[in-house]
Amino acid sequence: MYVNAPLPMKREKRRLVIYATPNGNTIEQTLGCALTDGRDWHFDIQHIAAQIRRLRGISPNEDVVLAVVQAPKLSWPAFRQTETNHRAIIHGLVEDLSKEATADGIVLSGHSGGGSFIFGYLNSVDAIPPSIE
């Protein structure tokens, strides 16, 4: 897990974006950077760090906190298939991150296998909480 927050956090409203890594990607690759000779192409597909910087720029009335979550063995679908307690683990991760960030709203996002993380959370609740976007 990687967490990035603007410091000091000074807005009354706080949004937490939890981004689940795609299949086969590390946190670093998902954060993204410029592709240079010899660098793995996975660094040039998500650029979630740049997207969050832009969101912060156009959302001056709220603090935007980013949490990137990486699955064991780089696959959320495989994690959910092999971990019998996956619902409680994913649910607890979302709840703990929300509490630590003191978030008003939570955005669950991801790409590819990251969607399995989102469904893992949705399957862990009876109804989608109003804080989830």
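**Rings, charges and buried residues**

Tutor: Start with Arg-39, whose charged end sits over the ring of Phe-43, 5.8 Å from the ring's centre. The model is predicted: local features need pLDDT of at least 70, side-chain atom pairs count only at pLDDT 80 or more, and totals for chains, interfaces and linings use all residues. Residues are numbered from 1 along each chain as its sequence is written, and side-chain values use heavy atoms, with hydrogens and water left out.

Student: What makes the charged end of Arg-39 sit "over" the ring of Phe-43?

Tutor: The term requires NZ of Lys or CZ of Arg within 6 Å of the ring centre and within 35 degrees of the ring normal. For Arg-39 and Phe-43 the distance is 5.8 Å.

Student: How many aromatic pairs does the structure hold?

Tutor: It holds 2. Rings of Phe, Tyr and Trp (its six-membered ring) pair if their centres lie within 6.5 Å; planes under 30 degrees apart are stacked, over 60 edge-to-face, the rest tilted.

Student: Why is the pair of Trp-76 and Phe-79 called edge-to-face?

Tutor: Their centres are 5.6 Å apart and their planes stand at 85°, so the pair is edge-to-face. Both residues lie in helix H3 (residues 76-82), 3 residues apart, about one turn of the helix. Helices (H or I, at least four residues) and strands (E, at least two) are DSSP runs, numbered from the N terminus.

Student: What kind of pair do Trp-76 and Phe-117 form?

Tutor: That pair is edge-to-face too, with 4.8 Å between centres and 65° between planes. Trp-76 is in H3 and Phe-117 is in helix H5 (residues 114-122), so this pair ties together parts 41 residues apart in sequence. Trp-76, Phe-79 and Phe-117 form one aromatic cluster.

Student: How do you know whether Trp-76 is buried or exposed?

Tutor: Buried means under 20% relative accessible area, exposed over 50%, partly exposed in between (1.4 Å probe, protein chains only). Trp-76 has 4%, so it is buried. Phe-117, at 0%, counts as buried.

Student: Which parts do the buried residues of H5 pack against?

Tutor: They pack against strand E2 (13-20), strand E3 (62-69), H3, helix H4 (86-101) and strand E4 (105-110). Contact means heavy atoms within 4.5 Å.

Student: Why does Thr-30 count as buried?

Tutor: Its relative accessibility is 0%, so Thr-30 is buried. Thr-30 lies in helix H1 (residues 27-31). Among the residues Thr-30 touches are Tyr-19, His-47 and Val-68.

Notes: Lists of a residue's contacts leave out its neighbours within four places in sequence.
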